[in-house]
Amino acid sequence: MLHANLREIVGKREIIEEVHSPAILKHLLDKLAQMYGKDFKQIVDQREGKTSLEFLVSINGQVTRDVYTKLNNNDVVMLSIPVGGG
Amino acid sequence: MQDTIPHLMASPRSAKNPWLGKRVVDESMVWTRKVAYIDLTQGTIIAKPIPKDLRRLYLGGRGIDMYLLYNHLEARINPLSPQNILLIGVGMLCGIPALGSGRCDIAAKSPLTGAVGDSNIGGFFAPELRLAGFDHLVITGKAEKPSYLWVNDGQIEIRDATHLWEKDTFETQDIIRDDAEDDEVKSLVIGIAGEKQVRFANIRTGMKNAAGRTGMGCIMGAKNLKAIAARGTLDIEFAHPDELIEYSLEMNDKILNTRWAKAQSRWGTLIIYSNTNTTGLIRTRNFQRNRLENGEDLEPESMDRYTIGMSGCYGCSVHCRHRYVLKEGPYAPIFGEGPEYTSLGAFGTMVDCKKMDTILVANHLVNKYGLDTLETGGLIAWAMELYEKGIINKQDTAGLELTWGNEDALFKLIKQIAHREGFGSTLADGFKPAITAIGKDSASYAIQIKGMSNLHSDERPTPSLALNIATSTRGADHLRSRPAIDLYGLPEELLEEIYGVPVSADYTSYEGKAHMVAWQERLYAVTDSIGICKFQTVFCSVNAPKWDEFSKLIYLTTDLQLSEDQLMQVGERIYTIERLFNLREGFSRKDDWLPDRYFDEATPIGLPIAKGKKINRERFKKMLDEYYLLHGWDENGVPKKETLEKLNLDQEPSHQV
Ligand code: SF4
């Protein structure tokens, strides 16, 4: 699921990617960065080797900063930015 | 129906350039602005200076309003009686060129809940009132006939408003401006809902801004007060102007560089919907489901069809609201600003309406009539569930078919509520009287706390947010203490750095969450007292300004030195005086509780983290105990003697002013 300007860049709300085990979040993020460029690349804070605090990355609703988190088929990965309030 | 872009949409003295035409001198206005006591029954007006000590203890805005409310209001009066006090308070930092510093706090005993009534409004009114020489207005009594207050350069007059009665909130502002032959006049006004004393009528200014919650517009109506108009040409004066401007610009840059500010400038608060709806954190069909299926048209991108630009409040660099035109449909053309994420919930998810057009029309209607969006939507969603369950029927609703997603019934009912007509008159007094009137099992479907409706968020998966709505001093409400950053899964080291104690990064956990809520209470109490926008504090973004920035800004604006610790204590003092007010009105621990459905019904859908969740009664009880302990309150939620001494509250009411 893509939100905010990530959605604008891709032009879609949702991308369906088949993952082959053993798959990790990093594989998916690297692939998206290659396909869609800079903003996607910035999802990973290269210095820390984790997802950047400027983004909100969750797997099945569970927020994660660990790019080595395992991915399974049917997992919902949400790539968004931290906006809250309501 | 108007067919040209309304005058109110143009924001004179642009938010981007709030300095226009103002001289800056080397002395702070905070020490010269006055408090005025206005008795509408007697027609008397007395202006007094605001004591320095009071500023140090309560700052301004909400803080001083709460002090005045606790000090001057007799306990347990009828909120609609002339004895109730309406307080208007300008934030202490009002006028600085940063952080949306144009906010004003409006307070009274709430006619909706009987507890603290308080609501905060942005836009351009507060700076104009300050330019006119006043920071606080204390309004008592009841005018004999419709009246409005005219505040201009140190003078206040009570003027006849007979010609304004029955005018909507937009027309009223235009007529006042035309009468004064001055485009710079800014007004707080009520619509038909306030005149009819609908208990959740709001107060409005400009096209979009509202003091929405707790029925402050109803109090104006009960006082025969249609508007408060301000026009000022006094100077804006800061203690250290050069450094203040430099620091403000630095802060604006910092905020604008964040991704949340960029997103909010583009999509407004509607951007929140994508996250919460995907996860399953919003209520739909009142409280039956926690995600709107097929709700794509409510995604923020849909606003591109209607948006003609973005606008903002005074001193704001973010500009988070859409200016829109709805060109088609029976209500077209509609020019408006908004809608907020909360309106999307009130007239979309909660009532199962799935079209952005519906939201825009409903938003326009409540704005025109002067109704609180959240209360209106919450009550209508509840009525729809009662209709579905057969607790009310077509006879009770005088023919309205209150079926889910019925936008025609939604619009009709909004109008009926505002005019106290038909079934609308049953809902116009809010949840508590409506539950008594409808009876049967209606109470168990009401998503309200202390008599006030919750917004459309579903807090069952998030204990911190649940504690926030249960304990809020003004009823179910996110703006008193919501730790929204709990949803970001931030690193625990960072959370500990902010909150000062270990806090779980898992938003479904109960660990450390009482600390989060108490901390946010203090932060927001100070935010509302210095009069800046909550979005530009640690509400949406962890990098936004908080105590240290506030401390520096207060110094540069006023020369007053308050450390971070002292500011936190100010926040605690304000929250505690609100607690004392509610206790005096008969509220207690039993009122800091959630509706049973939070404990008994699990969330039916959503992503795995949000599905099958409900609040655990025992753990919630423990969290509430912990929360009281943190405040220095006893197990019944009553502040202990030593707590009151520590906060200089042991001598209240002290009537310093
Ligand atoms: S962020 Fe939005 S609500 Fe806050 S001051 Fe700016 S325009 Fe007003």
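## Exercises: a ligand between domains, and two interfaces

Domain 2 (268-453) and domain 3 (463-646) of chain B each supply residues to the shell around the ligand, so the ligand lies between them; the bounds come from an automatic or database domain assignment. This is a predicted model, where local features need pLDDT of at least 70, side-chain atom pairs count only at pLDDT 80 or more, and totals for chains, interfaces and linings use all residues. Residues are numbered from 1 along each chain as its sequence is written, chains are lettered from A in the order in which they are written, and side-chain values use heavy atoms, with hydrogens and water left out.

**Exercise 1.** Find which residues surround the ligand, and sort them by class.

*Step 1.* Look for residues with a heavy atom within 4 Å of the ligand. You'll pick up B:Gly100, B:Gly312, B:Cys313, B:Cys316, B:Val318, B:Cys320, B:Cys533, B:Phe535 and B:Gln536.

*Step 2.* Now sort them, with Cys, Val and Phe among the nonpolar types and Gly counted as polar. That gives six nonpolar, three polar and no charged residues.

**Exercise 2.** Describe how chain A meets chain B.

*Step 1.* Count residues in contact (heavy atoms within 4.5 Å): 27 come from chain A and 37 from chain B.

*Step 2.* Take the buried area, meaning the accessible area (1.4 Å probe) that two parts lose on being put together, summed over both. Here that's about 2,700 Å², with carbon and sulfur atoms giving 59%.

*Step 3.* Check for salt bridges (a side-chain nitrogen of Lys or Arg within 4 Å of a carboxyl oxygen of Asp or Glu). The rule finds four across this interface of chain A and chain B. A:Arg7 and B:Glu299 meet in a salt bridge at 2.9 Å, N to O.

**Exercise 3.** Do likewise for domain 1 and domain 2 of chain B.

*Step 1.* Chain B splits into domain 1 (3-231), domain 2 (268-453) and domain 3 (463-646).

*Step 2.* Between domain 1 and domain 2 of chain B, about 3,400 Å² is buried, and the rule finds four salt bridges.
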